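Here is a short briefing for a reader who is new to this structure. Look over the sequence and the model before reading on.

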Amino acid sequence: MKVLVAEPLAPAAIELLHAQTGWEIVIADPKTYRPHLRLRCAAGAQCGEGRQDVLGAAPKLRVIGRAGVGVDNVDLPAATDAGVL
């Protein structure tokens with residue numbers, strides 16, 4: 001599974017992700033993550049954006065994870081329509 005980290009995470013969190021067997025971790029930042037959405041198709045993403053345009057650019061995205069509180073910056077109806085948790 002390819003996991004795209006699109007926003008800063010604590011080093012300990014990155015280490016935990018890298019420790020998972022079978023996970024390919026791609027570290028990007030809010031300005032450079034978009035090209036990774038189509039490359040070999042992200043199966044998971046940690047990002048602050050779950051907007052419809054982002055969801056449309058990642059056809060095989062299955063999960064949006066968020067480091068923080070709340071989901072006010074995730075377009076929940078668009079994610080649900082796309083089958084993304």
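A residue counts as buried under 20% relative accessible area, as exposed over 50%, and as partly exposed in between. Gln20 has 35% relative accessibility, so Gln20 counts as partly exposed. The model is predicted.

**Overall layout**
- The protein holds three helices and four strands.
- Along the sequence they follow the pattern β-α-β-β-α-β-α.
- Of the 85 residues in the protein, 36% are buried.
- The accessible surface comes to about 5100 Å². Carbon and sulfur atoms account for 61% of that surface.
- Take the contacts between residues at least 6 apart in sequence: 32% of them join residues at least 24 apart.

**Strands β1 and β2**
- How do β1 and β2 pair, in the parallel or the antiparallel sense? Strand β1 covers residues 2–5, and β1 pairs with β2 in the parallel sense over four bridges.
- From β1 the chain passes through α1 to reach β2, and this β-α-β crossover is right-handed.
- Val3 stands opposite Ile25 in β2.
- Val5 has Ile27 in β2 as its bridge partner.
- In a regular strand, side chains alternate between the two faces of the sheet.
- Strand β1 is covered on both faces. Lys2 and Leu4 are buried on one side, and Val3 and Val5 are buried on the other.

**Nonpolar cores**
- In soluble globular proteins, nonpolar side chains tend to be buried together.
- The largest nonpolar core in this model has 16 residues. Leu4, Tyr33, Leu37, Leu55, Leu61, Ile64 and Val84 touch the most other members.
- Which elements give two or more residues to this core? They are α2 (52–56) and α3 (76–81).

**Gln20, in a loop**
- Gln20 sits in the loop between α1 (11–18) and β2 (24–27).
- What does the side chain of Gln20 reach? The side chain of Gln20 reaches the backbone oxygen of Leu16, at 3.0 Å.
- Gln20 and Met1 are 19 residues apart along the chain, and their C-alpha atoms are separated by 10.0 Å.

**Ile27, in strand β2**
- Ile27 is part of strand β2.
- Is Ile27 buried or partly exposed? Its relative accessible area is 48%, so Ile27 is partly exposed.
- Setting aside neighbours within four places in sequence, Ile27 is in contact with Val5 and Ile14.
- Ile27 and Glu7 are 20 residues apart in sequence, and 8.2 Å apart from C-alpha to C-alpha.

- Where does Ala6 lie? Ala6 lies in the loop between β1 and α1.
- Ala6 has a relative accessible area of 1%, so Ala6 is buried.
- Ala6 and Ala28 are 22 residues apart along the chain, yet their C-alpha atoms are separated by 4.9 Å.

Notes: Residues numbered from 1 in each chain as written. Predicted model: local features only at pLDDT ≥ 70, side-chain atom pairs only at ≥ 80, totals over all residues. Heavy atoms only, no water. Buried < 20%, exposed > 50% of the residue type's maximum accessible area, 1.4 Å probe, protein only. Contact = heavy atoms within 4.5 Å. Areas by Shrake-Rupley, 256 points an atom, 1.4 Å probe, with all protein chains shown as cover. Polar contact = N/O pair within 3.5 Å; in protein donor to acceptor, adjacent residues only side chain to side chain. Pairing = 2+ DSSP bridges. Right-handed = clockwise from strand over helix to strand, strands pointing away. Core = buried A, V, L, I, M, F, W, Y, C linked by side-chain atoms within 4.5 Å.
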